[in-house]
Amino acid sequence: MSLQRENILVVDDDVNILEMLQRHLQSLHYHTYNAISVKEAVAILRETDIDLLITDLKMPGIDGHELVKYVAENYPLIPILVVSGYPSVNDALNVIKSGAIDYLVKPFTHEELKQAVLKSFKGSKKIKTSSKPRDFSSSSNYGELIGESSEIKEVFEIIDRVKDNKATIFINGESGTGKELVARAIHYSGKFSRAPFIAVNCGAIPENLLESELFGYVKGAFTGADENRQGFFQAANHGTIFLDEIGNASLAVQSRLLRALQEKEITRIGSQKVEKVDLRIIAATNSDLKELIAKNEFREDLYYRLSVVQINVPPLRERKSDISLLVDRFIKKYGPEYKDRITPISKAALEVLERYDWPGNIRELENVVQRAIIMCDKTIEVMDLPDHLKYKINFSQEGWLPLREMEKEYILRVLAAVDNNKTKAAEILQIDRKTLRQKIQ
């Protein structure tokens, strides 16, 4: 088995360890993908053909133990190599029982890592004869970012133009439209895909910590800074950093971002040493930055620096023709996980989904499909959908309808929503069955 083109996902919250592992693995001719959290690792697993997982155990939030269990249960053919700086017999036994093939204690040598990786591949059930074909829509090669509508095809066209250069990109779109998917598509479809991709949610990091997380710090820079630490910019060097919800960054952080964009250099907090960085910056927001500029809450010069290329991600209500494709993707994604099989959806249920305006966009649709898979028996029916979808009647025709025609359409929609259950329809319409029969006739 040739090991020259295997994809290895490395997970560690310490960016120094990530960089060290990446250098060693790339010198052995492996392709590497980096994640600094379990959440980011799961996102990569869902869109990338991974052949080996290397993960730390001690991480904030969801730790490596949970990732090992998740991968063993959901991706049983992917071998798992655990690395840890906290040697423990119990830890080693537990992760091996959970599905890991080997356990490597930090610090380790280049040769020890090489042998552990070879051992992991040798013990794997997965034999890679060729790259696994991904389940893409015919209209794109961008992982979970799928669609055939003209609106999403415009996004694909821009991605195709920018994926192989390091122009700064600004992604605008409502919450839940898939802005991070667009950023990942740009990175992983282009020639820099082997370099790091670091996603940072600026809205999820406290304002007083964001600056040190982005640019790093030196020992003694502030209370609690007991070691030198790199930031996300150093971790993403030569790759891509994705700054989500950039509108939440303070003016002080914005000033440092502007310098990083203009001079291609950063300075750690507490240090005078300037460090060069070479990376692509992708920023995103669901806020109106021009409104923030007018309020003097966002720097106008930074806005124009970030907006070399703009991508507007359309809301789902403007690309309803893609709903059936997205539903099919989510059914294939979650059906085997929740039901051990692909769960079909009825035509009536799909029509209900296509009539809804989806204020929460694709994220809301994904949650609804997950719930429906869990609630259904063999097929997703209208009754498996949330009540606010089943009974939402939306007359969107222009102009006025005669009362009789409006009543007719209303009754037919309610009947369709309850699979022609007249008792249930009468309850919703607040009339008795006899009156309903007469109206149907």
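## An exposed asparagine

Asn296 is exposed, with a relative accessible area of 63%. Here exposed means over 50% relative accessible area, buried means under 20%, and partly exposed lies in between (1.4 Å probe, protein chains only). Asn296 sits in the loop between helix H11 (289-294) and H12. Although Asn296 is not a glycine, its phi is positive, about 60°.

This is a predicted model, in which local features need pLDDT of at least 70, side-chain atom pairs count only at pLDDT 80 or more, and totals for chains, interfaces and linings use all residues. Residues are numbered from 1 along each chain as its sequence is written, and side-chain values use heavy atoms, with hydrogens and water left out.

## The chain as a whole

The protein chain has 19 helices and 12 strands. Helices (H or I, at least four residues) and strands (E, at least two) are DSSP runs, numbered from the N terminus. Of the 441 residues in the chain, 50% count as buried.

The accessible surface of the chain is about 21900 Å², and 48% of that belongs to carbon and sulfur atoms. Such areas come from the Shrake-Rupley method with a 1.4 Å probe; for residues, only the protein chains shown count as cover. Among contacts between residues at least 6 apart in sequence, 68% join residues at least 24 apart. A contact means heavy atoms within 4.5 Å.

## Helix H10

Helix H10 covers residues 251-263, which is 13 residues. From its first C-alpha to its last, H10 reaches 18 Å, close to the 18 Å expected at 1.5 Å a residue. The expected span is 1.5 Å times one less than the number of residues. Which residues of H10 are buried? They are Val253, Gln254, Leu257, Leu258, Ala260 and Leu261. Seen down the axis of H10, these buried residues fall within an arc of 160°, so they line one face of the helix. The arc is taken from the directions from the helix axis to the C-beta atoms.

The buried residues of H10 pack against several elements, among them helix H8 (207-215), strand E8 (240-244) and helix H12 (300-306). After H10 comes Lys264, with a positive phi near 55°. Another positive phi, about 50°, belongs to Glu245, which is not a glycine. Glu245 is in the loop between E8 and H10, and at 15% relative accessibility it counts as buried.

## Salt bridges

A search of the whole structure finds 17 salt bridges. A salt bridge is a side-chain nitrogen of Lys or Arg within 4 Å of a carboxyl oxygen of Asp or Glu. One of them joins Arg256 and Glu211, with the closest N and O atoms 2.4 Å apart. Arg256 lies in helix H10 and Glu211 in helix H8, so the pair ties together parts that are 45 residues apart in sequence. Arg256 is partly exposed at 23% relative accessibility, and Glu211 is partly exposed at 21%.

Arg299 and Asp301 also meet through their side chains in a salt bridge (2.8 Å, N to O). Arg299 is partly exposed, with a relative accessible area of 28%, and Asp301 is partly exposed, with 35%. Arg259, Glu265 and Lys276 are linked in a network of salt bridges.

Val218 lies in the loop between H8 and H9. Is Val218 buried or exposed? Val218 is buried, with a relative accessible area of 18%. Leaving out residues up to four places away in sequence, Val218 touches Ala225, Glu227, Asn228, Arg268, Ile269, Gly270 and Ser271.

Val218 and Arg268 are 50 residues apart in sequence, and their C-alpha atoms are 6.6 Å apart in space. Arg268 forms a salt bridge with Glu275, the closest N and O atoms being 2.8 Å apart. Both Arg268 and Glu275 are buried.

In helix H14 (residues 347-355), Ala349, Leu350, Val352 and Leu353 are buried. They cover an arc of only 155° around the axis, which puts them on the same side of H14. The buried residues of H14 pack against helix H13 (323-339), H15 and helix H16 (387-390).

Tyr338, Ile374 and Met375 make a nonpolar surface patch of about 280 Å². Patches are made of residues with over 30% relative accessible area and no salt bridge: like charges are joined within 9 Å, and nonpolar side chains (Val, Leu, Ile, Met, Phe, Trp, Tyr) within 5 Å. Ile374 belongs to helix H15 (residues 361-375), and Ile374 is partly exposed, with a relative accessible area of 46%.
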